[in-house]
Structure formats: C-alpha cells, structure tokens
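Good morning, and thank you for making time for this presentation. I would ask you to keep the sequence and the structure in view while I speak.

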Amino acid sequence: FEGKADLLDAVVQRMVDEATSAMAPVLDDPRLTAPQKLDRFFSGIATWKMNRVELVLAVAEVWLADENAMVREKFRKALVRQLSPLLATVIAQGQREGLFGEGSPDGMARVFVALIQAANETAGELFVARQAGRVAFAEVESTLTAYGDAFERVLGAAPGTYQLFDRELLHDWFG
C-alpha cells in the first residue's frame, strides 16, 4: 500500500465485501417478505460487527479522522454501487407485496443506501462521543430511532415496520 489511506480503504472494502457476501443469501431467499429481508439484513450487519468488535472499533477511530475524508467519500460511492442493486430488488419485491410505496426501486435504493451510510456514520460518532462521556444514552437511542423512522418514510412502509436496532444490542454497544 502506498499510504495509510490506501490501507484503510482496502480494510474497509474487505469488511464491506465480507458483510455483503454474508447477507446475499438472505436478500435472495424467496420465502422471506421484503421487510423480513431488510430486518435480517440489518441484524446480520449488527451481528457481523459484534463478532468483530475489536476490528470495528479500531477502524472506526481512524475512519472518522478528518484526514480520511477522501477515503470515506470513495467508500460511500463504492457502497452505493454495490448495495443499491441488491436493495432495489428487495424494494421492488416490497412494492409487489403492497408493503412499500410507489416509486423507482433504483432511486429509492440509492436514497436508502445513503441513509444507511448516514446512520452508520452517526452511530460511529455517537459511539465515540458516548465513550468519552459527551452524550447520554437517551440521545443515542432517540437519534437512532429517528433513522429507523426515516427508513420507513423512504420506503413508504407503515410506521413501526422497522426497529433499526435491537434494544439489547444497543445497550451492548452504547450502554
């Protein structure tokens, strides 16, 4: 690697590839409804991170540093390219099932991925702030709940369709 940014980029891309590969069977399972697929997608990512806590925490500190803004932007673009087609398929399924609102599945998927990225980055910032004692657990919970509400609105799903986080898992990370 030519520098720290290239190394970080490679580590994060490998993490995304592993997580995406692990989730592909869930997204392709014809027995699951679209909301079930998304629920399992999110819980799978959370489980994947919990199984690699030390790696996730080590990467998070470096990831959030200002000097890595270009790496984060490259990653965001790559993630949109990688996840949007998978999620567009699930969104189209949800529309056929009458569980998601109308609109372009491809466009909705791109917005959804951007929202996932924002939620993930916010969760990372909240984690660091919580570790430093700068934010209360209640603020963490309300902020992440707002992202779950936004997911529902983007998808045109009924309120209460998504609980972005498992309360026990949230306590494990932020308690």
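Which helices are included in what covers the buried residues of α7? Before I answer, please note that this is a predicted model.

The buried residues of α7, which spans residues 167-174, are L170, W173 and F174. Viewed down the axis of α7, these buried residues lie within an arc of 75°, so they line one face of the helix. As background, an α-helix has 3.6 residues a turn, so residues three or four places apart point the same way. To return to the opening question, the cover over the buried residues of α7 includes α2 (34-50), α3 (53-63), α5 (105-131) and α6 (137-155).

Let me turn to the aromatic residues. Across the whole structure, a search finds 5 aromatic pairs. In one of them, F127 and F174 have ring centres 5.9 Å apart and ring planes at 75°, so this pair is edge-to-face. The pair joins distant parts of the chain, with F127 in helix α5 and F174 in helix α7, 47 residues apart. F127 counts as buried at 14% relative accessibility, and F174 is buried as well, with a relative accessible area of 6%.

Another of the pairs is formed by F41 and F42, whose ring centres are 5.4 Å apart. Why is this pair classed as edge-to-face? The planes of the F41 and F42 rings stand at 70°, so the pair is edge-to-face; the cut-off for that class is over 60 degrees. F41 and F42 are both buried. Together with F112 and F151, they form one aromatic cluster.

F112 brings us to the nonpolar core. How many residues does the largest nonpolar core have? It has 48 residues, and those with the most contacts inside it are L38, L87, F100, F112, L144, L155 and F174. The elements contributing two or more residues to this core are α1 (4-28), α2, α3, α4, α5, α6 and α7. Helix α5 supplies the largest share of the core, 11 residues. Setting aside residues up to four places away in sequence, F112 touches L38, F42, L87, F151, V154 and L155.

On the α5 side, the residues making the contact include M108, V111, F112, L115 and T122. On the α6 side, they include F137, T143, L144, Y147 and F151.

Is T122 buried or exposed? At 16% relative accessibility, T122 counts as buried. Not counting residues up to four places away in sequence, T122 touches T143 and Y147. By contrast, P25 lies 28 Å from T122, C-alpha to C-alpha, and the two are 97 residues apart in sequence.

Apart from neighbours within four places in sequence, S84 is in contact with L79, A109, R110 and V113.

To close, I return to F174. This residue is among the buried residues of α7, pairs edge-to-face with F127, and is one of the residues with the most contacts inside the largest nonpolar core. Thank you for your attention.

Notes
Residues are numbered from 1 along each chain as its sequence is written. This is a predicted model: local features need pLDDT of at least 70, side-chain atom pairs count only at pLDDT 80 or more; totals for chains, interfaces and linings use all residues. Side-chain values use heavy atoms; hydrogens and water are left out. Contact means heavy atoms within 4.5 Å. Buried means under 20% relative accessible area, exposed over 50%, partly exposed in between (1.4 Å probe, protein chains only). Helices (H or I, at least four residues) and strands (E, at least two) are DSSP runs, numbered from the N terminus. The arc is that of the directions from the helix axis to the C-beta atoms. Rings of Phe, Tyr and Trp (its six-membered ring) pair if their centres lie within 6.5 Å; planes under 30 degrees apart count as stacked, over 60 as edge-to-face and the rest as tilted. A nonpolar core is a set of buried Ala, Val, Leu, Ile, Met, Phe, Trp, Tyr and Cys residues joined through side-chain atoms within 4.5 Å.
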